[in-house]
Amino acid sequence: MPSRAAPTTQSPPVPAGLTRDQLLEIYRYLRLTRTLEERLTALYRQSKVIGGLFRSLGQEAESVGSAYALSRGPNQDILSPLIRNLGSMLVMGAEPIAILRQYMAKAESPTRGRELNVHFNDLEKGYLGQISHLGDMVPVMAGIALTFKLRGEPRVGLVYVGDGATSTGTFHEGLNFAAVQKVPLVVIAEYNRWAYSTPPEKQFAVKDLAEKAKGYGIPAVTVDGNDVLAVYEATKSAVERARRGHGVQFVEVKTYRRKGHAEHDDQHYVPKEELDWWAKQNDPVDRYVTQLVRNEWAEERELKAIDDRVKVEIDQATDACVDEPLPPGESALSGAYADPRTAPRHWYRSL
Ligand SMILES: Cc1ncc(C[n+]2csc(CCOP(=O)(O)OP(=O)(O)O)c2C)c(N)n1
Ligand SMILES: [Mg+2]
């Protein structure tokens, strides 16, 4: 975590116990997420990305704000990101070059070309690779959080779940199990109005996803997912309650998916006015910039300097890996399936 710096005397108090350095760090993660995804889009259009490209455009604040509320370092909390949670992985310490290599299936990528996009883990940094089947990470993370509880460790799990994924059986089973077992788990439910081309009114009959959690006896709140500090505050208090032994907590973030399901999807089913409104009136990065400057927590030139540094960082990471080779074809089968007799011990490292 960054060192503590006192806010200036004349500006309004910084919210949620954050220091000014931390406010700027949150800004850096938002900008890093957006810039990295923009670079990935350019690489996709040059046919350098292998497989799909999933954007979190317009949702960066909910990933960054929620992950920033976790504890890193000793007694590391663990989160499980989905395709739209790149920002959460960057907060936990994922390196842009690892993400770029992974999307391009390079031999040096975290999964050595065996898997794509954000499907990889780093247990030391505190993130799991996802299972694609929607909803499945809820019971997985409930199990991990149960382990923390049984071992008496002061650690918390955090799991993201999409609005569409809340219709699956595993979501409900996992949530109920987590509630009954009172595990230290925080569920971030992303109401982004789309599940592929399915809108909420064709997906569920409740207004808020929080109502689903309340049905299982789980404390649940709904927050503006495009207000990074609101997401941080709600998640922080959910994490603290979970850590104090109050069991699973549910935070619903209202946001909007501004791109298609993946880069190949042209969103023909989305009303254009809706997209324009979210882009112009409710962009989470623009909103945070306004908030920082208006409250005199940061100056525009400081933010611009962060933007410039992020761009250099992404340029250097791209240059360093874009021409790297793919894994050799004859290596394709090794490491695709774990063989406990020959696999390196670190593959079985426990959480
Ligand atoms: C059980 C299951 N059914 C269908 C799919 C295919 N699928 C992948 S993502 C997706 C939409 C997910 O929507 P949502 O949960 O709202 O997440 P979002 O894409 O909005 O982030 C679908 C249908 C899947 N991965 N798993
Ligand atoms: Mg959705």
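In sequence, the residues that donate to the magnesium ion (ligand 2) follow the spacing D-x28-N-x1-W, and in this predicted model they are Asp163 through OD, Asn192 through OD1 and Trp194 through O, at 2.0 to 2.1 Å. Donors here are N, O and S atoms within 2.8 Å of the metal (3.2 Å for Na, K and Ca), and since water is not among the atoms, sites may look incomplete. Asp163 lies in the loop between strand 2 (157-162) and helix 6 (169-181), while Trp194, 31 residues apart from it, lies in the loop between strand 3 (185-191) and helix 7 (210-214); helices (H or I, at least four residues) and strands (E, at least two) are DSSP runs numbered from the N terminus. Asp163 is buried, with a relative accessible area of 4%, and Trp194 is buried at 7%, where buried means under 20% relative accessible area, exposed over 50% and partly exposed in between (1.4 Å probe, protein chains only).

Residues are numbered from 1 along each chain as its sequence is written. Local features need pLDDT of at least 70, and side-chain atom pairs count only at pLDDT 80 or more, with hydrogens and water left out of side-chain values.

Turning to the aromatic rings, Tyr256 and Trp278 form a stacked pair, 5.0 Å centre to centre with 10° between the planes. Rings of Phe, Tyr and Trp (its six-membered ring) pair if their centres lie within 6.5 Å, and planes under 30 degrees apart count as stacked, over 60 as edge-to-face and the rest as tilted. Because Tyr256 lies in the loop between strand 5 (249-254) and helix 9 (272-281) and Trp278 in helix 9, the pair ties together parts 22 residues apart in sequence.

Conventions: Chains lettered and ligands numbered in written order.
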